[in-house]
Number of protein chains: 2
Amino acid sequence: MTFQTVDDLETPSVLIDLIKMERNISAMQTRCDELGIQFRPHIKTHKIPAIARRQLDAGAVGIACQKVSEAEVFADAGFDDIQIPYNIVGKSKTRRLAQLARRVKLTVTVDNLPVIEGIAGAAREADATIGVMVELVSLNQRTGTDPEDALELARRISACDNLRFTGLMVYPSDAAIRPSLQKTLRLLADAGIAVETVSGGGSGAILESHLIPELTEMRVGTYVFWDWGSVSHKMTTFDRCAMTVRCSVVSANEAHRVILDGGSKSIHSETVDGCFGYITEYPAARIYKVNEEHGYVDFSACETMPGVGDIVHIIPVHTCVVTNLHNRIFGVRGGTIEEVWDVAARGLVW
Amino acid sequence: MTFQTVDDLETPSVLIDLIKMERNISAMQTRCDELGIQFRPHIKTHKIPAIARRQLDAGAVGIACQKVSEAEVFADAGFDDIQIPYNIVGKSKTRRLAQLARRVKLTVTVDNLPVIEGIAGAAREADATIGVMVELVSLNQRTGTDPEDALELARRISACDNLRFTGLMVYPSDAAIRPSLQKTLRLLADAGIAVETVSGGGSGAILESHLIPELTEMRVGTYVFWDWGSVSHKMTTFDRCAMTVRCSVVSANEAHRVILDGGSKSIHSETVDGCFGYITEYPAARIYKVNEEHGYVDFSACETMPGVGDIVHIIPVHTCVVTNLHNRIFGVRGGTIEEVWDVAARGLVW
C-alpha cells in the first residue's frame with residue numbers, strides 16, 4: 001500500500017502532526033537545558049526508533065525503556081545509553097539484561113534486595129557490568145523504598161563486583177518528593193557513597209522540576225505527543241496534542257448518536273470525565289462508550305453531527321497505550337504523509 | 001527461544017489450559033447441535049487460525065471476523081466461509097472486501113443505505129458477489145435498525161446485482177429481541193423476500209438461544225476461553241476459564257501491597273467490581289490499579305502473600321482484549337507447553 005495524503009489512509013489510523021511533535025521535542029529539550037539537567041526521553045510513548053533518534057538529535061543524553069525487550073529493539077537500532085527504570089525479575093530476563101549490558105551502557109532501578117541479587121548473579125555470569133539506581137517511593141505508592149532502606153540497598157549494590165551504583169530514581173518526581181530525596185542524599189553522603197545521577201520523571205513533574213535542584217536528569221515520555229489526559233491535568237493545551245486517531249462514522253441511525261469504527265482496540269479504554277477521546281471537529285461531542293471496534297458518540301450538545309462515511313479525528317486520552325495498539329502510525333505535515341512508522345517495540349511485554 | 005514447561009516462560013505470559021479450551025469448544029458445539037442451529041465462532045477472542053481450525057473440526061460451519069484485515073488473515077490460512085458482522089465503510093476497505101469475496105464465501109451486515117451503496121459499488125467493480133445481512137437493533141443500542149427500515153434495506157440489497165440478501169443479524173441475541181425479530185421476518189415474508197439465515201450472537205446470549213427458535217446460527221467468541229467478566233455475569237464458572245496471565249511479583253515493600261509485572265499492557269484495564277483480574281492462587285487478593293507495566297495488588301484480605309520473584313496466575317476480566325495485547329500465547333497441558341501460537345490477527349484495525 002502506498003499512502004500520499006491522509007485521504008488515502010484506512011480508518012482507524014493514528015496520525016502524528018509532525019509540526020506539533022517537533023515543537024514538543026524542542027520545547028522539552030529547551031526546558032531541560034534551561035534547568036541545566038539532562039533529558040532522557042521515555043520511548044514507551046512512541047516505541048519507534050526514528051522518533052527517539054529525533055529526540056537524541058535535539059539533545060537528549062539517552063533513552064528510557066520499560067522492558068528488556070524494548071531495550072533490545074532499541075539497542076539493535078543503535079541506541080547505546082539505555083535506562084530501564086524497573087525491577088528486573090526472573091532468570092531468563094536477568095540473563096537477557098546482562099547480555100544487553102555487554103552491548104550498551106545499561107542502567108536499571110531496584111527497590112529490594114532479591115532484585116539486586118538476581119541481577120548481580122546474571123551480571124557475574126555474563127561478565128557484564130550493570131548500572132543500578134535505587135528507586136525512592138513517591139506519592140504514587142507503587143514501587144520504591146524509603147531513605148533508610150535506600151541506603152542499605154546502595155551499600156549492597158556497591159559491594160557487588162558486577163554492579164555499579166549510579167544514584168537515585170523517583171517517579172513521578174513532583175516537588176513533594178524533595179524532603180525524602182534530600183534525606184537519602186545526606187545518608188549516602190555520610191556513608192561515603194557517591195551519587196552520579198538523580199533521575200526524575202513524569203510529563204507532569206517536569207513543570208515542578210525547578211523546585212528540586214537535586215535532579216540531574218528527567219525521564220519524560222508523553223510530552224512527545226501529549227494527549228487529552230495531559231490537557232485535563234493542565235500539563236499542556238490541545239494545540240500541542242500531536243496525535244489524533246482518524247475514524248469513520250459507520251452507523252448513524254439515531255437522532256443524536258453515531259457509531260465510529262474506532263473502539264477500545266484503536267483509541268483504548270481510558271477516560272477523561274467519562275469520555276474515551278476528544279473529537280477535534282466536535283468538541284462538545286461525547287464518546288461515552290467503547291467496545292473493541294465501536295465508539296459510541298453522543299452529539300446532543302452539538303449543533304451538527306456527521307453522517308455515515310464522514311471522518312472525525314480523536315485526540316486520545318492516553319497516547320502511550322494507543323501507540324501500543326497499532327502496528328503502524330503515520331507522520332503527517334499539512335495533510336501529506338511524510339513518515340510511515342512501524343511501531344517496532346509494540347506489544348513487547350518481556 | 002525454546003519453551004518446554006511453563007517455568008521456562010518469561011512473565012507476563014498468556015497461558016491457555018488446553019483441557020479447558022477443548023472442553024469449552026466441545027460444550028458449545030454440543031449446545032448448538034442440540035438446538036439444531038449452526039455454530040459460527042467469532043475469532044476475535046483468539047485471533048489464531050489453529051484454534052479456529054479446532055472449532056471447525058468440532059463442527060462449526062465457518063467463522064466470524066470483525067475486520068476485513070482479520071478476514072484476510074484467515075482467508076490466507078484456508079478458511080472459506082467468513083462473516084463480518086460490521087458496516088464496512090470507505091473506498092479502500094470496500095475494495096478489499098470485494099476482492100476477498102472473490103476468494104471465499106463472504107457475508108457482511110449493514111444497518112444503513114450508504115453502506116449498501118458502498119459495498120454494492122465495490123462488488124460491481126470487482127465482479128464479485130457479497131452476501132449481506134441486515135442488522136436489527138438490540139438492547140445494546142449500538143448498530144442496527146428497526147423492522148420497517150430493515151425491510152427497506154433488504155429490498156435495496158435484493159435489487160443490487162452483486163449483493164445477495166441472506167437474512168438478519170442481531171447482537172446480542174437475548175430473548176428480548178424476539179418480538180422485533182418476528183415482526184421483521186413477517187414483513188420480509190409478506191414482501192416475498194427469502195431469509196436463509198437468522199444469526200444471533202453473544203457468549204451470554206447462547207444461554208437464552210432456546211427461547212428464540214427463529215435463530216438458524218449463533219456467533220460466539222468468548223466461550224472458547226471464558227473470563228472473569230463471563231463468570232461475574234453468570235455465563236460460566238471459574239473452572240471453565242482457560243486463559244490465565246502468568247505474572248511475577250517485582251516489588252513487595254509494603255505490609256499488604258505487592259506490585260506485579262502485569263499491567264494494562266498485559267492484563268488490560270477492564271474491571272469486575274473495581275478489580276483488574278482474579279488471582280487464582282489468592283482469590284481474596286484485589287488487583288486494584290494498573291499502569292502499563294505494573295499491577296497493584298492488595299493482599300490485606302489474604303492470610304499469606306507472595307514475595308519478590310514469586311509467580312501468580314491471573315484470570316483476566318476480558319480475554320478478547322488480552323489476546324490483542326500479546327504477540328504470542330501458549331497452550332499448556334499439565335504444566336507442559338504443547339502449543340506456541342503467534343496471534344496472527346492481533347492488532348488488525350483495518
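Two strands are taken to pair if DSSP finds at least two bridges between them, and strands (E, at least two residues) and helices (H or I, at least four residues) are DSSP runs numbered from the N terminus. The model is predicted, so that local features need pLDDT of at least 70 and side-chain atom pairs count only at pLDDT 80 or more, whereas totals for chains, interfaces and linings use all residues. Residues are numbered from 1 along each chain as its sequence is written, and chains are lettered from A and ligands numbered from 1 in the order in which they are written.

In chain A, 8 strands form an open sheet with parallel pairing, in the order β2-β9-β8-β7-β6-β5-β4-β3. Its edge strands, each pairing on one side only, are β2 (38-41) and β3 (63-64) of chain A. Within this sheet, β8 (residues 197-201) and β9 (residues 217-220) of chain A pair in the parallel sense over 3 bridges, and A:G200 has A:M218 in β9(A) as its bridge partner.

Between the chains, 46 residues of chain A are in contact with 46 residues of chain B, contact meaning that the C-beta atoms of two residues, placed from the backbone, lie within 7 Å. On the side of chain A that touches chain B, β10(A) gives the most, with 3 residues. Of the interface residues of chain A, 100% are also interface residues in chain B, so the copies meet through the same surface.
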